[in-house]
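Hi everyone, thanks for making time for this. I'd like to walk you through one model, so please have a look at it while I talk.

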Amino acid sequence: LGLMAPTELTKSEDALMNHINKKKQIQLAGPWLMKWVLLIVSVGLLAGSASAFFLHALDWVTETRNQHPGLIFGLPLAGLLIGLLYYYVGKEASAGNRGIVQEFYKPQKPVSWRMAPFVLFGTLLTHLVGGSAGREGTALQMPASLADRLSGPFKLSIIERRLVLSM
């Protein structure tokens with residue numbers, strides 16, 4: 001008799017349902033998209049600013065050391081100072097790259113916020129007095145430490161936090 005089964009939709013009804021579903025998906029994606037845009041911009045600003053500051057400070061430290069070669073005699077004292085600071089104040093910051101990788105694979109607690117200033121100060125002081133310290137570790141640890149601080153305010157899941165740590 002030309003009657004449609006109750007589960008069959010006409011083309012216009014099907015198009016309307018698709019439109020409604022897409023609209024719902026967009027509404028649901030809106031907060032998620034906004035969260036990630038804000039997170040990526042925040043991580044970019046933190047990491048970029050920290051790295052830019054580090055590179056400018058490293059240039060200044062290197063220039064100062066070259067102008068004052070006698071600073072090399074401060075190397076033992078600088079090493080002692082850095083060691084004592086890590087021992088008494090920055091124990092959780094001493095994990096370095098290993099700590100970041102551990103948090104990536106077996107998340108337990110956020111990367112210490114102290115890691116960024118400790119690694120920055122230690123690297124700059126070491127270079128100032130003529131010591132040898134890698135720049136790559138500092139360039140990785142500072143942004144990871146700062147970016148991981150955002151996992152709380154953005155209420156990141158373990159998988160989302162891994163993404164932030166790998167940015």
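I'll start with the overall fold, then go through the cores, one surface patch and one glycine.

Before anything else, please keep in mind that this is a predicted model. The protein chain has six helices and zero strands, so if you read along the sequence you get α-α-α-α-α-α. Of its 167 residues, 30% are buried. As for contacts, take those between residues at least 6 apart in sequence: 75% of them join residues at least 24 apart.

Now to the inside. In soluble globular proteins, nonpolar side chains tend to be buried together. Here the largest nonpolar core has 22 residues, and the members that touch the most others are F54, Y86, L124 and M142. Which elements give two or more residues to this core? They are helix 1, residues 11-67; helix 2, residues 75-88; helix 4, residues 115-128; and helix 5, residues 136-148. Helix 4 gives the most, with seven residues.

Leaving out residues up to four places away in sequence, F54 touches L120, T123, L124, R135, T138 and M142. There is also a second, separate core of eight residues, and V43, A147, L150 and V164 are among them.

Let's go to the surface. L77, L80, L84, Y87, Y88 and V89 make a nonpolar patch of about 670 Å². Take Y88, which is found in helix 2. Is Y88 buried or exposed? Its relative accessibility is 63%, and the cut-off for exposed is over 50%, so Y88 counts as exposed.

My last stop is G96, in helix 3, which covers residues 96-105. G96 has a relative accessible area of 10%; buried means under 20%, so G96 is buried. What does G96 contact, beyond its neighbours within four places in sequence? The partners are M115 and Q141.

Thanks, and I'm happy to take questions.

Methods: Residues numbered from 1 in each chain as written. Predicted model: local features only at pLDDT ≥ 70, side-chain atom pairs only at ≥ 80, totals over all residues. Heavy atoms only, no water. Helix = DSSP H or I, 4+ residues; strand = E, 2+ residues; numbered from the N terminus. Buried < 20%, exposed > 50% of the residue type's maximum accessible area, 1.4 Å probe, protein only. Contact = heavy atoms within 4.5 Å. Core = buried A, V, L, I, M, F, W, Y, C linked by side-chain atoms within 4.5 Å. Patch = residues over 30% accessible without salt bridge, like charges linked within 9 Å, V, L, I, M, F, W, Y side chains within 5 Å. Areas by Shrake-Rupley, 256 points an atom, 1.4 Å probe, with all protein chains shown as cover. Salt bridge = Lys/Arg side-chain N within 4 Å of Asp/Glu carboxyl O.
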